[in-house]
Amino acid sequence: MRGRTHARTSTAASITAAIVALGALQGSAADTQNVELTSTPSKTCHGTRPTGSLTDPTGEGIPEETPTDRTLGYVDNLTAGRHSAIFTGLVLDEDGTAIDIYRIPSKPFDTAVCAAAEKGVTVRFHDRDINEKDLTALLDLITEDMNRWDGTFNLREAGLDGTGYIEIGVDDPDTAEPILREALGERSAKYLRVEFAPQAYLL
């Protein structure tokens, strides 16, 4: 499975103020949306563009060899440009022919992606209420000083999973999850997935 993820290492006294700042960052993206986080696609389309006909809107060329790769390249250009404010993440299916895109609902974006998808590529859209930029900002708040949680639990890894969640790896999930949720507040805590992660050792 392939997805966009971010693992950033960016104190408990300042986290409340930082969460307030995050609320301002989310602004129109989060406050005007009330979308239930779900794994069920809200829309699916199947590529119709002839194989090999997809071009790069930047004019730099798309060197990828497969229809899925070329479609992914096109989607990357869209999400890095005028549609960045609604993009949350994406994951490539294991069979390499389907792309799951997570975004704040946007008809123009969906239409652009479906029109660009080459034959043999399935695109599934999932509704989210936060974009990748704001998820990354929240991730930075959590990992700004990973050692600040010492004495309660060990934060061992963190990153975006590509589907609209932040995956947090710790030594003791049962202890860590309520602490993190209380620190972040209900609004932001809904994006967390706290799981056990083994201690990393350098060889």
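In which hand does H2 pass H3 in their crossing? H2 passes H3 in a right-handed crossing, a crossing being right-handed if the near helix is turned clockwise from the far one by less than a right angle, and left-handed if anticlockwise. The model behind this result is predicted, so local features need pLDDT of at least 70 and side-chain atom pairs count only at pLDDT 80 or more, whereas totals for chains, interfaces and linings use all residues. Residues are numbered from 1 along each chain as its sequence is written, and side-chain values use heavy atoms, with hydrogens and water left out.

The protein chain has six helices and eight strands, where helices (H or I, at least four residues) and strands (E, at least two) are DSSP runs numbered from the N terminus. Along the sequence, these elements follow the pattern β-α-β-α-β-β-α-β-α-β-β-α-α-β. The protein chain counts 203 residues, of which 47% are buried; buried means under 20% relative accessible area, exposed over 50%, and partly exposed in between (1.4 Å probe, protein chains only).

Back to the helix pair. The axes of helix H2 (residues 67-80) and helix H3 (residues 107-116) come within 10 Å and cross at roughly 155 degrees. That makes H2 roughly antiparallel to H3, since angles over 145 degrees count as roughly antiparallel, those under 35 as roughly parallel, 65 to 115 as roughly perpendicular and the rest as oblique. Here the axes are lines fitted to C-alpha atoms, for helices over the stretch in contact, and angles run from 0 to 180 degrees between N-to-C directions. On the H2 side, Thr-71, Tyr-74, Val-75, Leu-78 and Thr-79 meet Phe-109, Ala-112, Val-113 and Ala-116 of H3, contact meaning heavy atoms within 4.5 Å. By class, this contact of H2 with H3 has seven nonpolar, two polar and no charged residues. In this scheme Ala, Val, Leu, Ile, Met, Phe, Trp, Tyr, Cys and Pro count as nonpolar, Asp, Glu, Lys and Arg as charged, and the others, Gly among them, as polar.

Phe-109, found in helix H3, is buried, with a relative accessible area of 0%. Not counting residues up to four places away in sequence, Phe-109 touches Leu-78, Thr-79, His-83, Ile-86, Ile-101, Arg-103 and Phe-125. Phe-109 and Leu-78 lie 31 residues apart in sequence and 8.0 Å apart in space, C-alpha to C-alpha. Asp-110 also has its place in helix H3 and is buried, at a relative accessible area of 5%. With residues up to four places away in sequence not counted, Asp-110 touches Lys-43, Arg-103 and Phe-125.

The structure holds one disulfide, defined as a pair of cysteine sulfur atoms within 2.5 Å. This disulfide joins Cys-45 to Cys-114, with an S to S distance of 2.2 Å. The pair links distant parts of the chain, with Cys-45 in strand S2 (residues 43-46) and Cys-114 in helix H3, 69 residues apart. The torsion about the S-S bond of Cys-45 and Cys-114 is about -95 degrees, so the disulfide is left-handed. Cys-45 counts as buried at 10% relative accessibility, and Cys-114 is buried with a relative accessible area of 15%.

Thr-88, in strand S3 (residues 87-92), is buried, with a relative accessible area of 2%. Its contacts, leaving aside neighbours within four places in sequence, are Tyr-102, Arg-103, Ile-104, Arg-128, Ile-130, Asn-131, Glu-132, Leu-135 and Gly-164. Thr-88 and Tyr-102 are 14 residues apart in sequence and 5.2 Å apart in space, C-alpha to C-alpha. Asp-134, found in helix H4 (residues 132-143), is buried with a relative accessible area of 2%. Between Asp-134 and Ala-85 there are 49 residues in sequence separation and 9.3 Å in space, C-alpha to C-alpha.
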